[in-house]
Amino acid sequence: MIGGTGEEGFGLSLRLGKAGHRVIIGSRSADKGASRAADALGILGDGVRVEGTTNEDAAAAAELVVVTVPFAGQAEIYRSIKPAVSAGKIVLDATSPLATAVGGRAWQVVRPWHGSAAEQARAILDKGVRVVAGLHTIAAEALQAIDTPIESDVLVCGGDPDAKEIAGSLIEDIPNLRWVDCGDLSMARISETLTALLVGVNRTYKVHDSGFRVVGRDAWGSPPR
């Protein structure tokens, strides 16, 4: 969990740890990563597998790398973990290009040079790394309320169907979450901006966990091939 000491990453660490996954919380500082892992263990109790270390060591050890960092620091973080992310590894990027990165508001967005934050990540990493975008519409507050089901779907984008399916199966291990295949990685140019839309909805209605449900099917997941 790269950026797992932040609110979104920590909430996702709690949910995945509770679901039985081994979670490695990464941070710029090994001590901070270990401290946040101890916080997670204090919440989840015995029998879970959560540990903390540096972002680089977490990326090297993870089978699937989840990146939950602010857009302002995304490029720097990806450059730091690039040597640890080998070809074939799946990276699930949850970065939203909010205007807070340039002094703006959280309900405004900026347009990355590559089109989306996920496409920027793909441009930085080595060829062969399988980048998937998702989790932009799941609020940190909802993730951290671990005893409350999350009422939202997860929009997943990427050019590798198998990578999307693997990331989607991880998402669906969190009770009540469903993943929806939204097409190629370029579709993240749309899905990433929905974070700002939901921030605006939350402000208007004075809530913290608005989300999206996609209708039309009882189940989504992997589309027919």
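## A network of charges

Glu151, Asp153, Arg178 and Arg213 are linked in a network of salt bridges. This is a predicted model.

How exposed is each partner? Glutamate 151 has a relative accessible area of 54%. The cut-off for exposed is over 50%, so glutamate 151 counts as exposed. Arginine 213 has a relative accessible area of 34%, so this residue is partly exposed.

## Other salt bridges

Side chains of opposite charge can pair when their charged atoms come close. Across the whole structure, a search finds 12 salt bridges. One of them joins lysine 18 to aspartate 147. Their closest N and O atoms are 3.2 Å apart. This pair, too, links distant parts of the chain. Lysine 18 belongs to helix α1, while aspartate 147 lies in the loop between α6 and β6. They stand 129 residues apart. Lysine 18 is partly exposed, at 45% relative accessibility. Aspartate 147 is exposed, at 68%.

Aspartate 160 and arginine 130 form another salt bridge. Here the closest N and O atoms are 2.9 Å apart. Aspartate 160 lies in the loop between β6 and α7, and arginine 130 lies in strand β5 (residues 130–133), so the bridge ties together parts that are 30 residues apart in sequence. Aspartate 160 is partly exposed at 25% relative accessibility. Arginine 130 is also partly exposed, at 23%.

## Strands β6 and β7

Strand β6 covers residues 153–156, and strand β7 covers residues 178–181. The two run parallel and are joined by 4 bridges. Leucine 155 stands opposite valine 180 in β7. In a regular strand the side chains alternate between the two faces of the sheet.

## The largest pocket

Rolling a probe the size of a water molecule over the atoms shows where empty space is left. The largest pocket holds about 880 Å³ of space. Its lining has 39 residues. Closest to the centre are Glu8, Val69, Pro70, Leu98 and Ala140.

Which helices supply at least two lining residues each? They include α1 (7–18), α4 (71–81), α6 (140–144) and α9 (194–205). By class, the lining divides into 15 nonpolar, 18 polar and 6 charged residues.

## The second largest pocket

The second largest pocket has a volume of about 400 Å³. It is lined by 16 residues. His21, Arg22, Ala62, Glu63 and Leu64 are the closest to its centre. Two or more lining residues come from each of β1 (22–27), α3, β3 (64–67) and α7. The lining has 11 nonpolar, 2 polar and 3 charged residues.

Helix α3 spans residues 55–61 and holds aspartate 57. Aspartate 57 is partly exposed, at 46% relative accessibility. Aspartate 57 and isoleucine 2 are 55 residues apart in sequence. In space, their C-alpha atoms are 9.8 Å apart.

## Two positive phi angles

Most residues other than glycine have a negative phi. Asparagine 176 has a positive value, near 80 degrees. This residue is found in the loop between α7 and β7. With a relative accessible area of 38%, asparagine 176 is partly exposed.

Lysine 206 also has a positive phi, near 55 degrees. Where does lysine 206 lie? Its place is in the segment after α9. Is lysine 206 buried or exposed? Lysine 206 counts as exposed, because its relative accessibility is 71% and the cut-off for exposed is over 50%.

Technical notes. Residues are numbered from 1 along each chain as its sequence is written. This is a predicted model: local features need pLDDT of at least 70, side-chain atom pairs count only at pLDDT 80 or more; totals for chains, interfaces and linings use all residues. Side-chain values use heavy atoms; hydrogens and water are left out. Two strands pair if DSSP finds at least two bridges between them. Buried means under 20% relative accessible area, exposed over 50%, partly exposed in between (1.4 Å probe, protein chains only). On a 1 Å grid over the protein atoms alone, a cavity is a set of points where a 1.4 Å probe fits but cannot get out, and a pocket is an open set with protein on both sides within 12 Å along at least five of seven lines; lining residues have an atom within 4 Å of a point. Grid points are joined across faces, edges and corners, and a volume is the space filled by probe spheres set on the points. Ala, Val, Leu, Ile, Met, Phe, Trp, Tyr, Cys and Pro count as nonpolar, Asp, Glu, Lys and Arg as charged, and the others, Gly among them, as polar. A salt bridge is a side-chain nitrogen of Lys or Arg within 4 Å of a carboxyl oxygen of Asp or Glu.
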